[in-house]
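Q: I have a two-chain complex open and would like to talk it through with you. Can we start with the overall picture and then move to single residues?

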Amino acid sequence: MLEIKNLHVSIEEDGTEILKGLNLKVGSGEVHAIMGPNGSGKSTLASVLAGKDGYEVTNGTVAFCGDDLLELAADERAREGLFLAFQYPIELPGVSMSNFLKQAVQSVREHQGKEALTSGALLQMMKEKAALVHLDPALKSRSVNEGFSGGEKKRNEIFQLAMLEPKFAILDETDSGLDIDALRIVADGVNHLRSPERSFLLITHYQRLLDYIVPDFVHVLMNGRIVMTGGKELALELEEKGYDWIKDETTQLA
Amino acid sequence: MSDTSTDLLHQVASSEYKYGFVTNIESEKAQVGLSEDTVRFISAKKNEPEWLLEWRLKAYRHFITLMESDAMPDWAHLNIPEIDLQAISYYSAPKKKPEYESLNEVDPELISTFKRLGIPVQEQERLVGIVVDVVMDSVSVTTTFNAELDKNGIIFCSFGEAVQKHPELVKKYLGRVVPYTDNYYAALNSAVFSDGSFCYIPKGVRCPVELSTYFRINESGTGQFERTLIVVDEGSYVSYLEGCTAPQRDENQLHAAVVEIIAMDDAEVKYSTIQNWYPGNAQGVGGIFNFVTKRGICEGDRSKISWTQLETGSSITWKYPSCILKGDDSVGEFYSVAFTKGKQQADTGTKMIHIGKNTSSTIISKGISAGNSQNAYRGLVKMTPGAENGRNFSQCDSMLLGDRCGAHTYPYLEIMNPSAQVEHEATTSKVGEDQIFYCKQRGISEIDAIKLIVNGFCKEILAQLPMEFAVEARNLLAIELEGSVG
């Protein structure tokens, strides 16, 4: 589904290199978790995959379902089935959720050759998917993320994920700022959306998200590269020992 | 901002005017230039009574003193080129003076103009029940639904017709709210106004239809000097719509209209405008100068006047629809969206003059600037010594598309009564790269994202417009934003 090879990325403005030769392969239906200390490049990876401006790819390739992902604009990537759940969801004052989702869903469906949904079908879909993450269906008339609580914003991201039915979803620190109940709701929603055709990349600081969404692989990102890969037990080990032991181990190797 | 965003915003900001065309209807023009003879010519053409000619001449003489003392207002945040008043023709009326029973009799050329403008007059009449008093250049060409209005004793006709048929009403109220001494352009208008609309709602009548006037400036080199007078008697209500589009021109056209509204006890007037005159080409050449004086007086207790405007056109806009809140418990409202792009300049806002007790006013202004345009909000809230418990809430938000445009806010507060409460909020924001990225990440194209965000920004204003007008307004904003991308 997604294959990243030797990815080097710098910040456009000052040329600082953040990703320094990252390799990652995600197969269909797999759930991968990326963990790492602050400043290791986790969010940069999410942003670059989604096509955010401000980064320069200096080397490497990213193939998405056989296509060159880096050639596509952000909206084209979204229409091809790549979804990013934002760490800090953006507010759009005066833009209703229903209007926003209508445009988003219809443009994605149109691109994928599916017929446009009727307003009724769309509303019905919104109702069902909102229930998945325990969001009040009345949210359809609220402005996108405006006046939403922190937890609502995160649940709203998963709600949109459910609406857009992407092939590949990146969750950028979706667990941060969530209490345990909200975390469980978000995780239930994500688990419900797992399928053999849909892959996930979970970016997180903490192991506790992985208690609820059990990954197939755990990677440790450090200093712009993936320095260790393991199964779900690796997360527990990190929780217990922190990141320093990996640092020591990798420096020894080097 | 990224390169693609900048490109797109540039395209948005320089999109060409879509309504630029000229209708070939023969016109009869006054001699070029401004003089006492011009004023007499216009008055004679319109077969006006002596008192009106006298009034015009007083205005003319006053204007001459203003002109000689160089009293053209220069305080606005506008860069106004020299206007040669002697190079303008002050009167133009379609030569054929048709009187129609139905639209079928109307010049097909005119009907096709409406079609190109996307204003299906017939559909509107049939489906929506709007009466359209079409002002083509200066003389009204068609008025419909008179029967329905007659039944209720409502008078809605061209200004010229009102002068002939209801001289007592015109004489009583003309210049009551905007005297000819009010300002430079109001003086000019009073001297040479060609036509306009007149509306009178008698006591206790709720006007059953929305009254609508489409103004068009259609004659090259003709200044348009419309005069609108709306009088709403005790306990009555009217919703009045004014929409404008104009043909493309290479020379600047001066437009100095005056609108006066008078609301008696318990009367309510809702006045909505969509202004989309030719803004000039991408270099800013040839657009309309829109110097308008609009003012209403809440004469009676518990009366209400509400102004809603969507301003997207003209190369220069100078316009402050205002309310004089004279009656106790009267209410004034001003809701505005001003969108400027290219080299457009707008200095617009309102004045709320609180005189009566327990009067209240609300001002919500949204300015959107793109390209190299300049967009200013200027508003006065005045609480006179007698305005016990006067209240005002003002909110002025500006949005910038790109980094070569300007947004300015000039609030003036004059509070002379200690019991008054005045609140003012102002924000300026840039359409965020992060907002656009968020939309794009959901599969929405960049132009659609900008449309969504701008429409969201204006939402509470557009919601004030009557339904059909709101749809037109949203379409207009979308077209304006689309530019060459859509």
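Q: What share of the contacts in chain B with a separation of 6 or more comes from residues 24 or more positions apart?
A: In this predicted model, residues 24 or more positions apart account for 85% of those contacts in chain B.

Q: And what is the figure for chain A, counting contacts between residues at least 6 apart in sequence?
A: For chain A, 69% of such contacts join residues at least 24 apart.

Q: Which secondary structure elements does chain B have, and how many helices and strands are there?
A: Chain B has twelve helices and 24 strands, while chain A has nine helices and twelve strands.

Q: How much of each chain is buried?
A: Buried residues make up 63% of the 486 residues in chain B, and 51% of the 254 residues of chain A count as buried. As for the surface, chain B exposes about 17,700 Å², with carbon and sulfur atoms supplying 48% of it, and the accessible surface of chain A comes to about 11,200 Å², of which 46% belongs to carbon and sulfur atoms.

Q: What is the radius of gyration of chain A?
A: Chain A has a radius of gyration of 18 Å, which agrees with the value near 18 Å that a compact globule of 254 residues would have. Along the principal axes, the C-alpha atoms of chain A fill a box of roughly 60 × 40 × 35 Å.

Q: How many charged side chains does chain A carry, positive and negative?
A: There are 26 positive and 39 negative side chains in chain A, and the centres of these two sets lie 4 Å apart.

Q: Switching to the interface, how many residues of chain A are in contact with chain B?
A: In chain A, 31 residues are in contact with 21 residues of chain B. The area buried between chain A and chain B is about 2,100 Å², and carbon and sulfur atoms give 63% of that area.

Q: Which three residues supply more than any other three of the area that chain A buries there?
A: Those are A:F86, A:I90 and A:Q103, which together supply 22% of the area that chain A buries against chain B.

Q: Now into chain B: where is B:Y271, and is this residue buried or exposed?
A: B:Y271 sits in strand β13, which spans residues 268-276 of chain B, and B:Y271 is buried because its relative accessible area is 0%, below the 20% cut-off.

Q: What is B:Y271 in contact with, beyond its neighbours within four places in sequence?
A: The contacts of B:Y271 include B:I230, B:Y240, B:E242, B:W307 and B:K294.

Note on methods. Residues are numbered from 1 along each chain as its sequence is written. Chains are lettered from A and ligands numbered from 1 in the order in which they are written. This is a predicted model: local features need pLDDT of at least 70, side-chain atom pairs count only at pLDDT 80 or more; totals for chains, interfaces and linings use all residues. Side-chain values use heavy atoms; hydrogens and water are left out. Helices (H or I, at least four residues) and strands (E, at least two) are DSSP runs, numbered from the N terminus. The radius of gyration is taken over C-alpha atoms; the globule rule is 2.2 Å times the number of residues to the power 0.38. Buried means under 20% relative accessible area, exposed over 50%, partly exposed in between (1.4 Å probe, protein chains only). Contact means heavy atoms within 4.5 Å. Accessible areas come from the Shrake-Rupley method with a 1.4 Å probe; for residues, only the protein chains shown count as cover. Lys and Arg count as positive and Asp and Glu as negative; His and the chain ends are not counted. The place of a charge is taken as NZ of Lys, CZ of Arg, CG of Asp or CD of Glu. Buried area is the accessible area (1.4 Å probe) that two parts lose on being put together, summed over both.
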